[in-house]
Amino acid sequence: MAKTYLALLRLLFAAVVLLAGARAARGFYLPGVAPADFRKKDLLYVKVNQLSSIKTQLPYSYYSLPFCRPEIIVDSAENLGEVLRGDRIENSLYVFEMMEPRMCQIVCKFVLTEGDAKDLKEKIDDEYRINMILDNLPLVEPIKRLDQEGPTVYQHGVHVGVKGQYSGSKDEHHFIHNHFTFLVKYHKDANTDVARIVGFEVKPYSVKHEYDGEWKGTGTHLKTCDPHSRRLVADSDSPQEVEANKEIIFTYDVNFEESDIKWASRWDTYLLMTDDQIHWFSIINSLMIVLFLSGMVAMIMLRTLYRDISKYNQLENQEDAQEETGWKLVHGDVFRPPINADLLCVYVGTGVQFFGMLLVTLLFAILGLLSPSNRGGLMTAMLLLWVFMGLFAGYSSSRLYKMFRGSEWKNVTIKTALVFPGVVFAIFFVLNALIWGEKSSGAVPFTTMFALVLLWFGISVPLVFVGSYLGFKKPAMEDPVRTNKIPRPIPEQPWYMNPVVSVLIGGILPFGAVFIELFFILTSIWLHQFYYIFGFLFLVFVILILTCAEITIVLCYFQLCGEDYQWWWRSYLTSGSSALYLFLYATFYFFNKLDITKAVSGVLYFGYMLIASYAFFVLTGTIGFYACFWFTRLIYSSVKID
């Protein structure tokens, strides 16, 4: 075992080294941890991120469009999560001086080619947004509510341009946002002259700039924007149309505003939750389901089971026992290993791995260790936790397999390490190939793909084997009752206890307990909004656990009372079938809430939701299985068996 652990440490070190150099030998970093102090006239460097669209879900590099670019483009260090979600953070020509307002600053002049004009029009049609970053704060556009009473809504990024019509014309044209009015909010220390940035906002305009004489670069005198004559950009009455062989002048204003918001609270504005009543309604709705199921379980455990056990234990002879019906009659078959027992062990082990990853991730998020300021931190944490939870996956699958009196534990271990991640990786690889075909920056680079494979085979697989070895070497759990050599025939069941019907019925309630919160999760993912209500999410997760456990116990009891002892797979599928409803709801969400038009984007959506549904099936199925496993061992260990 010492050699095994030494080998694991070496593999872990190799993976860390590879990850550190995965993005062209750039190190990963943890942004937003320490505040940055600025004094007057300190330089503020604005960085640009991906171009994003909720209509295509395909991110592109900022410089894939004809925007002003520096002589040397420098990519910022990115963590694994940022790379996987398509972030491409680069330097820009937007440079401010702290607390020094500037008006009508020229960035550059660009003459559009036919290809440039076509690309811009396509991006405007697809409603692409420009994303920028200043001091780790994302650029937002404030949008006033129509009622004027509610708080200001902030949209992430700013549109590349808009479509519109000239006055008196019905023809639609494309106009680019070529003038930005930035607002940098800062909080100043009362005792010193240093300040910290607490807000980064923008108002976009489309302006057809004009200038006198020859072009002199940033020193050109603009007719349409001149701070000396107090002619500033305040509207888009004379917009800049996107046309080939026409020049576009990019300009900006920057203002600074002192704010009472402290640095530690600067993300509160971005994470403002105005729909908390809906979340509480979701919690109350889910709790009603839990209370209903808890009442049924309590009735079964305290009344029905207590009466059954007392009656069975008071039987005086075997003839009386033969006259009895119900769950006791299948005691000789209830712990008989199921068909495809090794596959069940594999999925139970994988479910334990996923459960551990999700539980620890939520705990970290609740403690504030995965804040939005750490872009990509959530995804990075989930990946690493998944890898290290392989130890528990191997242990769980081997313990169950040994209870089934299996001997080929290595085969089960290999399947545990490969089946679920293999299916997910295959789907992910196909989707990534489609993204490559669209030349999107969201395509995962080869180096990152190789790093993921190394994490899988270099760390996760060995940990699964270590856990499996430890689990298989422990003594097997003894069955509460002895299994008969000849299986007992199963009587015909009523229609509502048909395996398919009962499984589908069982999956409705776990899904019903989470579907409202699921709406917000899908909205944050596919509509590019912040999701930071992990307290609500943790409560929903606890409710999901209780719902899966209780509905499985109830249906398992009814199944055993019908003298059907084949509960192993049924218990897994009962709560696991909620994944089917999740995918159906995702389909409903696609057609009713999203405006995706491209076929590739639709394939990406359903591909990723298929992965999510598969993971949800493994998670909920494992919860239901262990609940039923505990229930059957409890009740059959409580009766006297001759």
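Helices (H or I, at least four residues) and strands (E, at least two) are DSSP runs, numbered from the N terminus.

## The model

This is a predicted model: local features need pLDDT of at least 70, side-chain atom pairs count only at pLDDT 80 or more, and totals for chains, interfaces and linings use all residues. Residues are numbered from 1 along each chain as its sequence is written, and side-chain values use heavy atoms, with hydrogens and water left out.

## The chain as a whole

The protein chain holds 15 helices and 13 strands. Of its 642 residues, 50% are buried (buried means under 20% relative accessible area, exposed over 50%, partly exposed in between, with a 1.4 Å probe and protein chains only).

Contacts here mean heavy atoms within 4.5 Å. Take those between residues at least 6 apart in sequence: 81% of them join residues at least 24 apart. The chain exposes about 30,900 Å², and carbon and sulfur atoms supply 61% of that area. Accessible areas come from the Shrake-Rupley method with a 1.4 Å probe; for residues, only the protein chains shown count as cover.

## Loop residues

Q57 is not a glycine, yet its phi is positive, about 60°. Q57 counts as buried because its relative accessibility is 13%.

I73 counts as partly exposed, at 31% relative accessibility. Beyond its neighbours within four places in sequence, I73 contacts Y63, E90 and N91. I73 and S92 are 19 residues apart in sequence; their C-alpha atoms are 7.7 Å apart in space.

Another positive phi belongs to D135, a residue other than glycine, with a value near 50°. D135 lies in the loop between β4 (129-134) and β5 (137-138).

Helix α7 spans residues 377-388, 12 residues in total. From first C-alpha to last it reaches 16 Å, close to the 16 Å expected at 1.5 Å a residue. The expected span is 1.5 Å times one less than the number of residues. Which residues of α7 are buried? They are G377, T380, A381, L385, W386 and V387. Their cover includes α2 (80-84), α6 (341-366), α8 (390-403), α9 (409-437) and α10 (446-473).

S396 is in helix α8. S396 has a relative accessible area of 10%, so it is buried. Leaving out residues up to four places away in sequence, S396 touches G349, V352 and Y626.

## Where α6 meets α15

Two packed helices are described by the angle between their axes and the distance between the axes. Axes are lines fitted to C-alpha atoms, for helices over the stretch in contact, and angles run from 0 to 180 degrees between N-to-C directions. α6 and helix α15 (residues 599-636) pack at about 105°, with axes 8 Å apart. The two helices are therefore roughly perpendicular (65 to 115 degrees; under 35 is roughly parallel, over 145 roughly antiparallel, the rest oblique).

On the α6 side, the contact residues include L344, Y347, F354 and L358. On the α15 side, they include Y614, F617, I623 and Y626. The contact has 15 nonpolar residues, three polar and no charged.

## Helix α13

How many residues of α13 (residues 568-576) are buried? Seven of its nine are, so α13 is mostly covered. The buried ones are W568, R570, S571, Y572, T574, S575 and G576. Their cover includes α6, α8, α11 (499-526), α12 (534-561), α14 (578-593) and α15.

Key:
Ala, Val, Leu, Ile, Met, Phe, Trp, Tyr, Cys and Pro count as nonpolar, Asp, Glu, Lys and Arg as charged, and the others, Gly among them, as polar.
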